[in-house]
Amino acid sequence: MPATSDIDKATHDDPSASAAARALGYPTQVIEPAETYQSVTRTISSIVLTRKHPKSWVFGFFVACTLLMLFFYAVAYLLMRGVGIWGVNIPVAWGFAIVNFVWWIGIGHAGTFISAILLLLLQKWRTSINRLTEAMTLFAVACAGLFPLLHLGRPWVFFWLLPYPDTMGLWPQFRSPLVWDVFAVSTYFTVSLLFWFLGLVPDLATLRDRANTRLKQTLYGVLALGWRGSAVHWQRQQSAYLLLAGLATPLVLSVHSVVSFDFSVAILPGWHSTIFPPYFVAGAIYSGFAMVLNIVIPVRKLYGLESLVTLRHLNNMANVMLATGLMVAYGYVMEAFMAWYSGDIFEQQMMANRMFGPYGWIFWALMLVNVLVPQALWSRRVRTHPVLLFFVALSVNLGMWLERFVIVITSLHRDFLPSSWNMYFPTFWDWATFFGSIGLFLTLLLLFIRFLPMISISEVRELVAEKEAAR
Amino acid sequence: MNAAVGEVARREDRAPPRRNRVYGLMAEFTDHDALLAAAASAFAEGYKRIDAYSPFPITGLAEAIGRPRTIIPLLVLLGGAAGGVGGYFMQWYSMAVDYPLDVGGRPLHSWPAFVPITFELTVLCAALTAFFSVFLLNRLPQPYHPAFNVAAFAQASHDRFFLCIEAVDPKFDPVQTHAFLENLRPAALHEVIE
């Protein structure tokens with residue numbers, strides 16, 4: 001009896017196909033053949049329990065905490081003085097805050113894509129990266145959620161966005177995409193958190209049972225909630241896990257669609273476009289995979305996880321990035337084409353201004369880092385070369401940020417009425433909040449790597465069981 | 001289920017001291033196939049109060065000990081439906097009844113604009129139901145369970161597989177059950193003390 005169901009067995013890597021892939025030089029292994037239950041548990045749990053952390057972790061944490069302090073500083077000053085400290089004004093009322101919001105929430109999408117959609121598609125290679133990417137999703141969405149709140153002007157009354165029986169007798173305007181956003185983002189965060197924790201509980205039990213100090217045993221024991229791996233418990237956990245994956249799948253597509261409605265429902269040239277939802281979702285997965293690669297490549301090297309996160313993982317993620325990158329490039333082409341084809345002078349003016357206006361250089365930088373550089377991923381050598389891949393992913397992350405800058409700022413700064421045209425220049429506080437949010441993200445991520453198993457131990461054991469059965 | 005069994009057993013004999021009472025007999029195996037086979041034969045033998053423990057989910061194990069289905073999908077469906085209906089009702093009530101706002105004569109019951117939030121609340125309520133029903137039905141968090149009294153059970157979250165026949169089983173007999181488990185050729189056999 002195999003450890004997995006018949007459906008898994010039927011779709012498990014066909015030996016002739018993987019032989020063909022190997023002959024072509026593609027990496028095929030999702031797990032090294034020498035791995036056993038013992039080695040898997042040891043490798044992953046020792047990072048949290050016993051192993052001394054590399055110097056680079058300490059250095060990274062130092063940098064992350066420094067940026068986090070900058071974030072606190074910038075937010076504290078914002079709460080004191082108001083959004084006037086940012087470069088936003090009329091006509092560009094949505095500055096960095098919205099650019100950063102869309103950028104962060106897009107990054108989150110890869111985590112859900114890997115953990116939910118690839119689970120439903122029975123992609124075995126997701127197993128050793130899903131935990132880390134789910135954590136990345138949580139932290140990215142946490143960063144994303146802060147920006148619209150800080151942009152509110154009076155963030156301390158953020159709960160006015162939620163329907164509750166208030167003394168003013170008011171309701172949120174449920175027909176507004178901005179209110180849809182509140183529901184979409186908070187649902188997304190909650191579901192990601194539940195999904196992540198449900199998968200984490202059995203691994204917390206492993207840490208509890210292998211803890212080498214009383215304190216760790218108590219802390220992991222409390223978090224493990226008394227999990228003991230009973231067959232009936234597993235049955236319920238697996239059923240709920242699969243259902244959550246099914247629920248998260250339409251959710252991941254809906255969240256960035258709703259975010260794109262914030263733009264496309266407005267009548268502004270450059271925003272009012274039906275291509276936005278699919279184009280935003282593709283861009284979100286694109287930037288998310290880039291961020292996953294930027295995290296996974298250094299982490300697997302520093303913690304010696306190359307036998308669990310193999311070159312096949314990197315190759316597959318690079319392939320997803322290439323595919324979604326082409327969809328995004330198609331989006332750029334279609335935006336330009338439709339601006340011309342519509343015959344609408346405002347659309348045409350917007351496109352000309354976007355390419356050759358005062359922010360034109362940002363548009364061309366975007367084309368370079370987000371369209372041209374990723375074409376390197378057609379090469380197998382780049383896809384399986386961690387260092388090169390890291391830099392391509394970095395380029396995509398930068399590119400996706402520039403894309404949101406182009407969409408938000410160049411559309412707003414020159415609309416229908418030339419008398420209201422104006423420029424937008426970010427201030428020190430804009431930059432401080434942006435880099436500070438990166439500090440928040442990295443701090444959370446580094447703490448996660450330090451204190452929780454970054455690879456799902458129980459799911460990798462399933463891979464081992466399957467490998468044993470296939471032998 | 002174990003928790004329930006434990007509670008019943010505890011209530012039944014409140015009088016005698018609970019110390020050193022046998023909770024069950026536990027056989028330890030080194031791989032999942034052996035556990036699956038052992039679980040199936042224990043169930044075939046007529047034992048009903050059994051539980052199997054493994055470091056990762058094993059398809060067919062719950063079925064092998066006579067627990068073919070879980071109610072979770074149904075609960076999730078109900079939770080999702082409640083979220084969807086409730087979410088739509090909230091929007092209709094607030095926008096069309098409680099606080100009607102005439103925007104250029106557009107209909108107050110503007111259902112297409114209510115779709116996104118209805119969808120989000122459906123997903124949210126379904127997900128919350130899925131998560132909490134796992135822990136409620138599993139009776140977790142549970143700070144104490146007799147299985148943890150077996151020192152070797154720490155391996156149940158690592159590389160060992162356990163089958164426990166509980167003392168509350170009507171067919172349980174310290175000698176015969178011991179012999180039966182011995183026949184399954186386990187790596188070790190433990191007595192679980194409550």
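This is a predicted model: local features need pLDDT of at least 70, side-chain atom pairs count only at pLDDT 80 or more; totals for chains, interfaces and linings use all residues.

Now look at the neighbours of β3(B). Strand β1 of chain B, residues 22-29, runs antiparallel to β3(B) and is joined to it by six bridges. In this pairing, B:Leu25 stands opposite B:Ile165. Strand β2 of chain B, residues 50-53, is also antiparallel to β3(B), with four bridges between them. There, B:Tyr53 has B:Phe162 as its bridge partner.

Step back to the whole of chain B. It is divided into domain 1 (2-69 + 141-193) and domain 2 (72-137). Their C-alpha centres lie 43 Å apart.

Next comes the contact with chain A. Here 50 residues of chain A meet 59 residues of chain B. On the chain A side, α3, α7, α9 and α17 each give two or more residues. The most come from α9(A), with 16 residues. By type, the chain A side holds 26 nonpolar, 17 polar and seven charged residues.

Finish with α7(A), residues 177-210. At 1.5 Å a residue, its 34 residues should span 50 Å; the end C-alpha atoms are 48 Å apart, which agrees. Yet α7(A) bends by about 40 degrees at A:Val201, and A:Pro202 follows within four residues. The helix is mostly covered, with 26 of its 34 residues buried.

Conventions:
Residues are numbered from 1 along each chain as its sequence is written. Chains are lettered from A and ligands numbered from 1 in the order in which they are written. The expected span of a helix is 1.5 Å times one less than its number of residues. The bend at a residue is the angle between axes fitted to the seven residues ending there and the seven starting there. A residue is buried if 20 or more other C-beta atoms lie within 10 Å of its own, exposed if 12 or fewer, and partly exposed in between; C-beta atoms are placed from the backbone. Two residues are in contact if their C-beta atoms, placed from the backbone, lie within 7 Å. Ala, Val, Leu, Ile, Met, Phe, Trp, Tyr, Cys and Pro count as nonpolar, Asp, Glu, Lys and Arg as charged, and the others, Gly among them, as polar. Domain bounds come from an automatic or database domain assignment. Two strands pair if DSSP finds at least two bridges between them.
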